[in-house]
Amino acid sequence: MLSKKSLLTASSQPVFRLASVADEAARVVFAREQFAFLLQLAYSGELAATRAYLGHRHSLKSRLERAEIGKIIRDEIRHRRCLLDMLAEVGSAPDPGRERKMERVGRAISLFCHVGGWFFAMYGAGRLEAQNIREYELGARLAHLAELHRFIDPLLEMAEVEWDHERYFRSKAMSHWLWRMVPNWAEPPPRERIRVAFREFESKAELPVLRVRAPRLVR
Ligand SMILES: [Fe+2]
Ligand SMILES: [Fe+2]
């Protein structure tokens, strides 16, 4: 489920070639590299999200909706801060090239919100948030594989917050007649499944080796 195609967020693929690596230490080193890469991708992804939502908020007429998006913006800024701390803790740092790329992506989406109309801004945001849930679930799994257990809970919590965001944008998009005219993305499993699925992963006898893939649009 975590390896679905993602446009703007990191996804993963199991590495079959390495899956049988007997050397536990090599697996942990590989997982740590992948984890640090995911943190860089997610960190810059949050920049794009923040920029995009600033434009989205500005495009809205309803005061209530502007306040709701304002709360989501604060969540994304908090996520970014948390990811920056994690990056420092694993001895890594944001990737300047990716930061520039995602800044441009965020600004483009922000602009789109002003011309694309209310529905497509809500619809697009919901689609991306669905991918963000999976990105943080993947982060928690990689933290487990990398034996960086202190990061698991904050990452699962971020996945839950993205779940809330997806729910918000989905319900907004669904309230519009255009919802029935466009392809819909799959509804994420119930919120509680995030932690249950993680426990299931954790208790597997044979853990997979996961390689992080950069988002398709900005690879
Ligand atoms: Fe976020
Ligand atoms: Fe979000």
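1. Let's start with burial: of the 219 residues in the chain, 37% are buried. Keep in mind that you're looking at a predicted model.

2. What is the chain built from? You'll find seven helices and two strands. Reading from the N terminus, the order of the elements is β-α-α-α-α-α-α-α-β. The radius of gyration is 17 Å, close to the 17 Å that the globule rule gives for 219 residues, so the chain is as compact as a globular protein of that length.

3. Now for the overall dimensions. If you follow the C-alpha trace along its principal axes, the chain spans about 55 × 35 × 25 Å.

4. Next, have a look at who touches whom along the sequence. Take the contacts with a separation of 6 or more: 83% of them are accounted for by residues 24 or more positions apart.

5. Here's one helix pair to find on your screen. Two packed helices are described by the angle between their axes and the distance between the axes. Helix H6 covers residues 152–174 and helix H7 covers residues 193–202. They pack at an angle of about 145 degrees, and their axes are 10 Å apart. As for handedness, H6 and H7 cross in a right-handed way.

6. Which residues make the contact between H6 and H7? On the H6 side, look for Leu 156, Ala 159, Glu 160 and Trp 163. H7 brings in Ile 194, Arg 195 and Phe 198. Sorted by class, the contact of H6 with H7 has five nonpolar residues and two charged ones, with no polar residues.

Definitions and conventions
Residues are numbered from 1 along each chain as its sequence is written. Chains are lettered from A and ligands numbered from 1 in the order in which they are written. This is a predicted model: local features need pLDDT of at least 70, side-chain atom pairs count only at pLDDT 80 or more; totals for chains, interfaces and linings use all residues. Helices (H or I, at least four residues) and strands (E, at least two) are DSSP runs, numbered from the N terminus. The radius of gyration is taken over C-alpha atoms; the globule rule is 2.2 Å times the number of residues to the power 0.38. A residue is buried if 20 or more other C-beta atoms lie within 10 Å of its own, exposed if 12 or fewer, and partly exposed in between; C-beta atoms are placed from the backbone. Two residues are in contact if their C-beta atoms, placed from the backbone, lie within 7 Å. Axes are lines fitted to C-alpha atoms, for helices over the stretch in contact, and angles run from 0 to 180 degrees between N-to-C directions. A crossing is left-handed if the near helix is turned anticlockwise from the far one by less than a right angle, and right-handed if clockwise. Ala, Val, Leu, Ile, Met, Phe, Trp, Tyr, Cys and Pro count as nonpolar, Asp, Glu, Lys and Arg as charged, and the others, Gly among them, as polar.
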